[in-house]
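Please look through the sequence and the model below before reading on. The report that follows takes up a few places in turn and then turns to the chain as a whole.

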Amino acid sequence: MVLSSREKMIQLQKNTANIRNICVLAHVDHGKTTLADCLISSNGIISSRLAGKLRYMDSREDEQVRGITMKSSAISLRYAKGGEEYLINLIDSPGHVDFSSEVSTAVRICDGCIIVVDAVEGVCPQTQAVLRQAWLENIRPVLVINKLDRLIVELKFTPQEAYSHLKNILEQINALTGTLFTSKVLEERAERETESQVNPKSEQGEQVYDWSTGLEDSDDSHLYFSPDQGNVVFTSAVDGWGFGIEHFAKIYSQKIGIKQEVLLKTLWGDYYINMKAKKIMKADQAKGKKPLFVQLILENIWSLYDAVLKRDKEKIDKIVTSLGLKIGAREARHSDPKVQVNAICSQWLPISHAVLGMVCQKLPSPLDITAERVEKLMCTGSQTFDSLPPETQALKAAFMKCGSEDTAPVIIFVSKMFAVDAKALPQNKPRPLTQEEIAQRRERARQRHAEKLAAATQGQAPVGPPEGGGALETSPQGEETKGDEHQVESQTLKPLPEEGDNHESFIAFARVFSGVARRGKKMFVLGPKYSPVEFLRRVPSGFSAPPDGLPPVPHLACCRLESLYLLMGRELEELEEVPPGNVLGIGGLQDFVLKSATLCSSPSCPPFVPLNFEATPIVRVAVEPKHPSEMAQLVRGMKLLNQADPCVQVLIQETGEHVLVTAGEVHLQRCLDDLKERFAKIQISVSEPIIPFRETITKPPKVDMVNEEIGRQQKVAVIHQTKEDQSKIPEGIQVDSDGLITITTPNKLAVLSVRAMPLPEEVTRILEENSDLIRSMEQLTSSLNDGRNAQMIHQKTQEKICELKGKLEQHLTGRKWRNVVDQIWSFGPRKCGPNILVNKSEDFQNSVWTGPAVKASKEASRYRDLGNSIVSGFQLATLSGPMCEEPLMGVCFVLEKWDLSKFEEQGASDKHNQEQRDVAPEGQGEAEACLGGGENRGPQDGGSEPSEKKTSQKGESSLMDCYGPFSGQLIATMKEACRYALQVKPQRLMAAMYTCDIMATGDVLGRVYAVLSKREGRVLQEEMKEGTDMFIIKAVLPVAESFGFADEIRKRTSGLASPQLVFSHWEVIPSDPFWVPTTEEEYLHFGEKADSENQARKYMNAVRKRKGLYVEEKIVEHAEKQRTLSKNK
Ligand SMILES: Nc1nc2c(ncn2[C@@H]2O[C@H](COP(=O)(O)OP(=O)(O)OP(=O)(O)O)[C@@H](O)[C@H]2O)c(=O)[nH]1
Ligand SMILES: [Mg+2]
């Protein structure tokens, strides 16, 4: 029986103070979906017998088969407590790392979350991750320690042991919260300090003081989890029970006559009770006293389990009667003890009361949204709230008020788009009839029957239909034509199936932050790059026009809220309007919103900060249709998939391959299934995963491959090899002993000298971390270059830039790096990557820190244009390296010399000639044109044009010669120079690495290690989980070796260990892909052919093969031997 009708929900949605938007977060398999089942069953949506088995929120088939959740989905529940009725919008989220982006989409639209922790496994890597995500979104958590039954049944703990274990888990999770809190306080303090340094007058002395005392002063007690705070409950979701200590405090205060408040404070903690004196005292463990929690709570539960497991009928009956419960006969007789436990406990300690009670009491309503959170949502990038325009700042009040009056601006955030089968939309489905409708139908059928009977008894042939009755008979489902909603609906929706194969409809997963979302309302869709400042600049204030009549503003579109839905797990219910503070589904936005967006009725709203995704998409595959003719379907399918998944990336590579980039293997599998079965509906073939690599250079090794120091006597061979290397370099390019490449442009007018040096690891890391900052620096410079007066650079950004520069200076020390930071000219690839270009040439000085040399002189601007060509060459070189055309990482290119003297001479002589030509316009032209093969003959006519202009035209044309435009030559030459500069240094490949957390029991540990070492994994840390026989292993594993890793581990350990893989960093593969034995020792060790496996070469060749590049491979190695063998046979 469904207790909560749609009408009831609509009514509850209006009482904002009693709404709770919450999500369930945890590590994979800690019981989120099972818990959600229990809560859903309390509303009668599913039967309580099925709760925990059905996993109602896992609506996809693969979720049910694999037993893991893959998407977040919402359901609205009703809960009554203390005379108040609450509406709980519950979102179940996935715990698997591959789907952590789904967690981000859930936390954004919630105000609170339930963190679930498995009582046996305790705090796991994803627990940390989700707690961090909740923290970053500023939402308040409560804790559910689940699977307590495992402590009794599996681990066979005594109540006392269980208590210590639980205490331990609480300590762990509080320690985590503590670190998050301290880091935040310290960050804020640092911010304050810099602010007060920058602006000492505006701050008052005292305030600075406040923060310098920092940590000790900030009260953080409310942040921690503690049963006596009421923010922790203990549950067993499978067995359907759960409790907070409040429940027992109430019972025992009546039973033993101690005040409830006292019990609340002492039920958790080391307190014991002196029954005789009716006093609670601080427990002294040494005396063997039991804490209250053990004595009054755990022991009761333990004895119940004990009785049921031992099938002690008498004892069970006693417990049941003493608790005053009624157990159904079927459950009481059931042979499975689990069913009995469930029947008893779910009545005694109903889990939904414990959890939902805590949620209503401890988690905030949408009205309690904090100013801090609002400001964070509204400020993208390095903006601060104060820097927003006043109209925008005014919206903060609307957020805080969460008002539903007509004047309130409507603000909605769409956190993801999800696809549903169009047939499943409520408007396309026959609606179940209401009781009245059923009664009406019954009445009509009865009438018809009576009429028929009457006709038969009169023996007449059926006459003409009596007032439309016949029409009813011919169409049994057709009812009275007037006012029947159902019919109207089904008529209006008939056209939909005619849309052909478009069976997927997209629903936006969203929340109303302010105002009432009404069907048909026009809204602005704000793209992530939209700026209200830009709008206010373009559209005069007070301009009033219908939203679609506005002048075009970038990243702003206009849409209509076509349909609104109440999200009910697997079902959707249509709504006319949604009041503020609610989670909702919106239909009809698929043409406006790709993945997420902000919708607002007022254009002065800024777009919300982008969701922060923890996982980096790293696993790529190329897909193509089995039948080439189905390409169009594939492309369309991929587009739909891209929209339906928050984290997948869909792209077409330069090679023309259609590529899917996913967060991991499981995610990849899900995306492929979706593509095949839902979005493209075609057979596809999938390539092997494309593994990304990076190319870099290192310092020359000091030891050879057999760990012998490269001594003097062996140097001969080494030099021999370098010579060989150098022979690869074509003539005309000079290489000095230090690896400085000097190269001339094809037209011989410019000479470039470039050297490549490996950057220290730390510097590479800093560059990677700050790529966003570098990108914004770059944008700023380019907008200045364009002569646009870009937005004033914000003070905070300026500080961050200075900080970055400082950090780089700190790590780039020594003679080699002297002044290098000041001379950084560009970053690459894509102008923000982890490689740098340093300009040491004397003539032209330019650095990223100062911005472009904004000199008005023509000369300067010409240099700047040529400089841009050099930078472009560097960008190209860093985008694809010489080894296997993968991007570079951690390389510094130094442009030592940039000789343009010839070019200038040429320019001057051109000018001179031009002047002469101006004097004598005919005659000399032919002779000069030899360089350009006629191309630079240029415009010789037009004597009427002003001479100034003519000169400049002439100047430009002189840049052309038979090798093409000079700027193009510079780009190509610079790229070549960089590549050769790399090739003369020891080149290395870098592999992407996963960190891998595996939990395994002691007996399978050996097998886990075996799999890890087979796949080149490296164990970093191994820890035993206290009180259990579980080990936590932290390892790193190359992405290249990770495919099938999780499966292999599961198979080898019979499912007892399951790894979680998260992309962590890039690591240099120590072996040299071009290595051949050179020293005597190496010859001895590896033989002349050195055909033992070279991992780096294997990777490199695989990539080259995939890209269709030349691979140096010997196909027949020992031909003679093979012949002799066969002869001998
Ligand atoms: N013993 C015991 N098992 C439980 C309990 N709660 C859940 N489980 C089991 O744990 C497994 C995982 O439960 P789920 O609810 O699917 O876990 P989840 O957190 O939703 O997992 P993901 O969504 O994949 O992250 C299932 O086999 C459940 O039966 C519990 O209280 N006790
Ligand atoms: Mg789940």
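Leu12 counts as buried because its relative accessibility is 6%, where buried means under 20% relative accessible area, exposed means over 50%, and partly exposed covers what lies in between, all with a 1.4 Å probe and protein chains only. Leu12 is placed in helix 1, residues 6-13; helices (H or I, at least four residues) and strands (E, at least two) are DSSP runs, numbered from the N terminus.

When neighbours within four places in sequence are left aside, Leu12 is in contact with Ile19, Arg78, Glu85, Tyr86 and Leu87, a contact being heavy atoms within 4.5 Å.

## How the model is described

This is a predicted model, in which local features need pLDDT of at least 70 and side-chain atom pairs count only at pLDDT 80 or more, whereas totals for chains, interfaces and linings use all residues. Residues are numbered from 1 along each chain as its sequence is written, chains are lettered from A and ligands numbered from 1 in the order in which they are written, and side-chain values use heavy atoms, with hydrogens and water left out.

## The chain as a whole

The chain has 1129 residues, of which buried residues make up 48%, and it holds 37 helices and 36 strands. Among the contacts in the chain with a separation of 6 or more, 74% are between residues 24 or more positions apart.

## Two nonpolar cores

A nonpolar core is a set of buried Ala, Val, Leu, Ile, Met, Phe, Trp, Tyr and Cys residues joined through side-chain atoms within 4.5 Å. The largest such core has 106 residues, and the members that touch the most others are Ile145, Phe243, Phe293 and Ile301. Helix 11, residues 292-309, supplies the largest share of this core, with 12 residues. Apart from it lies another core, of 102 residues, which includes Leu35, Cys360, Val410 and Met417.

Which residues does Phe293 touch, not counting those up to four places away in sequence? They are Tyr163, Leu166, Phe234, Phe243, Ile245, Leu267, Trp268 and Leu298.

The magnesium ion, ligand 2, is coordinated at 1.9 Å by the OG1 atoms of Thr33 and Thr69; donors are N, O and S atoms within 2.8 Å of the metal (3.2 Å for Na, K and Ca), and water is not among the atoms, so sites may look incomplete. The pair links distant parts of the chain, 36 residues apart, with Thr33 in helix 2 (residues 32-41) and Thr69 in the loop between helix 3 (61-66) and strand 2 (73-81). Thr33 is buried, at 7% relative accessibility, and Thr69 is buried with a relative accessible area of 7%.

Ligand 1 is surrounded by 18 residues, the closest being Thr33, Thr34, Thr69, Asp149 and Val238, where a residue is near a molecule if one of its heavy atoms lies within 4 Å of it. A polar side-chain atom of Thr69 is 2.5 Å from an oxygen atom of ligand 1, and a polar side-chain atom of Asp149 is 2.7 Å from a nitrogen atom of ligand 1. At Val238, a polar backbone atom is 3.4 Å from an oxygen atom of ligand 1.

The structure holds 0 disulfides, a disulfide being a pair of cysteine sulfur atoms within 2.5 Å. The sulfur of Cys23 has its closest cysteine sulfur in Cys110, at 3.8 Å, which is too far for a bond, and Cys23 is buried at 0% relative accessibility. For Cys558, the closest cysteine sulfur is in Cys559, 6.6 Å away, again too far for a bond.

## Loops and backbone angles

Lys310 is in the loop between helix 11 and helix 12 (313-323), and counts as exposed because its relative accessibility is 59%.

Most residues other than glycine have a negative phi, and most peptide bonds are trans. Lys681, however, has a positive phi near 55°; Lys681 lies in the loop between helix 23 (665-679) and strand 23 (684-686) and is partly exposed, with a relative accessible area of 46%. Asn819, not a glycine, has a positive phi of about 60°. The peptide bond from Gly828 to Pro829 is cis, with omega near -5°, and Pro829 lies in the loop between strand 28 (824-828) and strand 29 (835-839).

Key
Polar contact = N/O pair within 3.5 Å; in protein donor to acceptor, adjacent residues only side chain to side chain.
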